[in-house]
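Subject: The structure we talked about

Hi,

Here is the structure I promised to pass on.

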Amino acid sequence: DTLTWYSKDITRPTDSEINAEITRLQTEHDSKKYQRDRAKEYPSWEFQLDYIYHNGVAKWKTDVVDPVKSKYPKP
């Protein structure tokens, strides 16, 4: 809650600039929730590479990638 500014070469940002940056960062974080959700849902790289080897890229895309993308679409 307290910010101590030690730099003499860089002007300290105002409270409103700090709050605006916090809001910007939170908005950016929230907008990428689908990416974090997808990352948790995808199987391991080992599984995916094995699936591609045995079934081909087209089948991997329809069976592995597309269901996750459908479940967690981009906003």
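Below is what I found in it, starting with the chain as a whole and then moving to single residues.

First, some ground rules. This is a predicted model, where local features need pLDDT of at least 70 and side-chain atom pairs count only at pLDDT 80 or more, while totals for chains, interfaces and linings use all residues. Residues are numbered from 1 along each chain as its sequence is written, and side-chain values use heavy atoms, with hydrogens and water left out.

**The whole chain**

You'll find four helices and zero strands here. Helices (H or I, at least four residues) and strands (E, at least two) are DSSP runs, numbered from the N terminus. Reading along the sequence gives the pattern α-α-α-α. The radius of gyration, taken over C-alpha atoms, is 21 Å, well over the 11 Å that the globule rule gives for 75 residues, so the chain is more spread out than a compact globule.

How much of the chain is buried? Of its 75 residues, 12% count as buried. Buried means under 20% relative accessible area, exposed means over 50%, and partly exposed is in between (1.4 Å probe, protein chains only). The chain exposes about 6500 Å², and carbon and sulfur atoms supply 57% of that. Those areas come from the Shrake-Rupley method with a 1.4 Å probe; for residues, only the protein chains shown count as cover.

Next, contacts, meaning heavy atoms within 4.5 Å. Among those between residues at least 6 apart in sequence, 44% join residues at least 24 apart.

**Where H1 meets H2**

Helix H1 covers residues 15-31 and helix H2 covers residues 33-41; they pack at an angle of about 40°, with their axes 4 Å apart. That makes H1 oblique to H2: under 35 degrees counts as roughly parallel, over 145 as roughly antiparallel, 65 to 115 as roughly perpendicular, and the rest as oblique. The axes are lines fitted to C-alpha atoms, for helices over the stretch in contact, and the angles run from 0 to 180 degrees between N-to-C directions. On the H1 side the contact is made by His29, Asp30 and Ser31, and on the H2 side by Lys33, Tyr34 and Arg36. These residues divide into one nonpolar, two polar and three charged. (Ala, Val, Leu, Ile, Met, Phe, Trp, Tyr, Cys and Pro count as nonpolar, Asp, Glu, Lys and Arg as charged, and the others, Gly among them, as polar.)

- Ser31, in helix H1, is partly exposed at 35% relative accessible area. Its C-alpha is 8.7 Å from that of Lys74, 43 residues apart along the chain.
- Lys40 belongs to helix H2 and counts as exposed, at 69% relative accessibility. Lys40 and Glu21 are 19 residues apart in sequence and 28 Å apart, C-alpha to C-alpha.
- Pro43 sits in the loop between H2 and helix H3 (45-55) and is partly exposed at 28%. Leaving out residues up to four places away in sequence, Pro43 touches Gln48 and Val64.
- Ser7 is in the segment before H1, and the C-alpha atoms of Ser7 and Val64 are separated by 50 Å.

Cheers

Methods. Rg over C-alpha atoms; globule rule 2.2 N^0.38 Å.
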